[in-house]
Amino acid sequence: MLVLGIETTCDETAAAVVLRNQDGEGEILSNIVLSQIAEHAAYGGVVPEIAARAHAEMVDHVIERAMDEAGIRFDKLDAIAAAAGPGLIGGVIVGLTTGKALALALNRPLVAVNHLEAHALTPRLTDHVAFPYLLLLASGGHTQLVAVRGLGDYVRLGTTIDDAIGEAFDKTAKMLGLGYPGGPAVEAQAMSGDATRFAFPRPMQGRPEPNFSLSGLKTAVRLEAERHAPLAAKDVRDLCASFQAAVVDMVVDRTRVGLRRFRDAAGQPTALVVAGGVAANRAIRRGLQRLGSEVGLRLVMPPVALCTDNGAMIAWAGAERLAAGMTDGLDFSPRARWPLDPNAPGSGKGTGAKAVGLKEARA
């Protein structure tokens, strides 16, 4: 089956065409991503109104490019998949409305895709990973450990109690005057820095629940930066290296605890999967590779281009759901937040409460 995917939840306007064979294997026929980094760089982060306008101006053009690159006519599509949340609501409305219009005009099914589920299912497209597997989803807006037991069957094992990892990188970069996006900037500085110079805390390390916390680490960086102001270039490099080392240690420790919780929730995992923009960080990748070797578990990290927001992951999630008979009506509403469990305590800021169908793991 051929599915067009549309992604507009944050600051990338993206569209892709994916083929899913009857045996469940997938092929990306096109994947066009138009980044808005230049539009938002001056503000040090994404401005929702600017993002929504940019999506509205470019989404048709991006879809046309995706169809042209795939060499597919619109009437050959089997379904239209559009990210319906979570995300910045203005952008979500643009993409979902466009998907609805195409589905109506072509008389094809609409699949309203949860953005987080798309990240969760990407390794099945790239590496044919079988259920169940442990997912570390780490991005600018989300940090959580999820037991992926099957299509639409997810157990949230742990999450951040404050900031997402990507958000912490962005704020640290802004604090040190490194610009936006912060993740690549901090990583670049850290490569030539001394990671042992500053003894930053490893938040939540050793705790029995696989949750994350970044606010205390950010505060520690700020205090050291203020103490050494004005900062020399070496100070900035060492601060970045020490901050990144603390994040890596925390991620590895929290993921190790998540693996123990996984076995209670879903049995033996087939793989440890890392997705989301933070998965592009090479130091974090190396730390998780060491963990995978230590526990004898295959580590799967999709290509960097498929870790950040893209249309192929939306198209693939749509194809997986379509194959299972899961489609949506044209009255499906865009969602800024999709709670993991609206009745669960602590489902507020930073809890990753934007994912549909994900269920809180009970201790």
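Mentor: An axis is a line fitted to C-alpha atoms, for helices over the stretch in contact, and an angle runs from 0 to 180 degrees between N-to-C directions. Helices (H or I, at least four residues) and strands (E, at least two) are DSSP runs, numbered from the N terminus. This is a predicted model, in which local features need pLDDT of at least 70 and side-chain atom pairs count only at pLDDT 80 or more, while totals for chains, interfaces and linings use all residues. Residues are numbered from 1 along each chain as its sequence is written, and side-chain values use heavy atoms, with hydrogens and water left out.

Trainee: How many helices and strands does the protein have?

Mentor: The secondary structure comprises eleven helices and eleven strands. For overall dimensions, the radius of gyration is taken over C-alpha atoms, and the globule rule is 2.2 Å times the number of residues to the power 0.38. The radius of gyration here is 20 Å, close to the 21 Å that the rule gives for 363 residues, so the protein is as compact as a globular protein of that length. The C-alpha trace spans about 60 × 45 × 35 Å along its principal axes.

Trainee: At what angle do the axes of α7 and α8 cross?

Mentor: Angles under 35 degrees count as roughly parallel, over 145 as roughly antiparallel, 65 to 115 as roughly perpendicular and the rest as oblique. Helix α7 (residues 215-227) and helix α8 (residues 233-266) have axes that come within 11 Å and cross at roughly 165 degrees. That angle makes α7 roughly antiparallel to α8. As to handedness, a crossing is left-handed if the near helix is turned anticlockwise from the far one by less than a right angle, and right-handed if clockwise. The crossing of α7 past α8 is right-handed.

Trainee: Which residues of α7 and α8 meet?

Mentor: Contact means heavy atoms within 4.5 Å. Leu 217, Val 221, Glu 224 and Ala 225 of α7 meet Leu 239, Phe 243, Ala 246 and Val 247 of α8. For classes, Ala, Val, Leu, Ile, Met, Phe, Trp, Tyr, Cys and Pro count as nonpolar, Asp, Glu, Lys and Arg as charged, and the others, Gly among them, as polar. The contact of α7 with α8 has seven nonpolar, no polar and one charged residues.

Trainee: How are α6 and α8 oriented to each other?

Mentor: The axes of helix α6 (residues 182-190) and α8 come within 7 Å and cross at roughly 110 degrees. The two helices are therefore roughly perpendicular to each other. Their contact includes Val 186 and Glu 187 of α6, and Cys 240 and Phe 243 of α8. By class, the contact of α6 with α8 has six nonpolar, two polar and two charged residues.

Trainee: In what order do the strands of the open sheet lie?

Mentor: Strands of a sheet pair through backbone hydrogen bonds, either parallel or antiparallel. Two strands pair if DSSP finds at least two bridges between them. The open sheet of five strands has the order β3-β2-β1-β4-β5, with mixed pairing. Strands β3 (26-35) and β5 (110-114) stand at the edges, each with a single partner strand, so one side of each has no neighbour in the sheet. From one strand to the next, the twist averages 20 degrees. Strand β1 (residues 2-7) and strand β2 (residues 12-20) run antiparallel and are joined by six bridges; the bridge partner of Val 3 in β2 is Val 18.

Trainee: Which strands does helix α3 lie across?

Mentor: Helix α3 (residues 89-106) lies across β1, β4 (79-85) and β5, and runs at about 160 degrees to β4. Helix α11 (residues 311-323) also packs on the sheet, touching β1, β2, β3, β4 and β5, and its direction makes about 40 degrees with that of β2.

Trainee: Which peptide bonds are cis?

Mentor: Most residues other than glycine have a negative phi, and most peptide bonds are trans. The bond from Tyr 180 to Pro 181 is cis, with omega near 0 degrees, and Pro 181 is placed in the loop between α5 (165-175) and α6. Ala 229 and Pro 230 are also joined by a cis peptide bond, with omega about -5 degrees; Pro 230 is in the loop between α7 and α8. Asn 107 has a positive phi, near 55 degrees, and is placed in the loop between α3 and β5.
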